[in-house]
Amino acid sequence: MIPDNSTGGANYKLDDQGNPIRSKLDASALKKIATKAQGSYYNIGDNTESLKGVLDMVSKLDKGEYQSIDTANNFSLYPFFLWPAAIFTNDRVANGYGFIDHKKQTHEV
C-alpha cells in the first residue's frame, strides 16, 4: 500500500472505489534498468538466489590495498568576525552604552 504523505503517512492513497492502492513489483522492468545501467537485479523474495548473486558480486571486487590522502582544509574564518565584534562591544561598554540602551521615557500629562 502507498502511504499518503499529505496526511503525514497515517492513511493510504485510495483508488476511485475507495480501496487502498497496492503497488506491484515489475521484475522485468527492473531487470531491464539493471542491464542498461550495467548492474544486477536480485529479487529478495528468493533468498538463496539473491544471496548467491550478492556473494558472487562481492567475490569479484578488487581486494587490493588502497591509500587515502586527507585533503581537508581546517582554516576557520570566525576570528575575522569575532575580533571586530569584540572591539565594537568593548567600545560600547567603555562609553557607557552597555549592550542595551536604556533611556528614561517621560510622559507629559
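Start with the whole protein chain on screen: among its contacts (heavy atoms within 4.5 Å) between residues at least 6 apart in sequence, 0% join residues at least 24 apart. Before you click further, note that this is a predicted model, where local features need pLDDT of at least 70, side-chain atom pairs count only at pLDDT 80 or more, and totals for chains, interfaces and linings use all residues. Residues are numbered from 1 along each chain as its sequence is written, and side-chain values use heavy atoms, with hydrogens and water left out.

Switch to cartoon view. You'll find 3 helices and 0 strands, running α-α-α from the N terminus; helices (H or I, at least four residues) and strands (E, at least two) are DSSP runs, numbered from the N terminus.

Now try a surface. The chain exposes about 10900 Å², with carbon and sulfur atoms supplying 56% of that (Shrake-Rupley method, 1.4 Å probe; for residues, only the protein chains shown count as cover). Of the 109 residues, 4% count as buried (buried is under 20% relative accessible area, exposed over 50%, partly exposed in between; 1.4 Å probe, protein chains only).

Next, select helix α2, residues 47-59, and pick out Val54. Val54 counts as partly exposed because its relative accessibility is 33%.

Last stop: select Lys60 and Asp56. They form a salt bridge, with the closest N and O atoms 3.4 Å apart (a side-chain nitrogen of Lys or Arg within 4 Å of a carboxyl oxygen of Asp or Glu). A search of the whole structure finds 1 salt bridge. Lys60 is exposed at 66% relative accessibility, while Asp56 is partly exposed at 38%.
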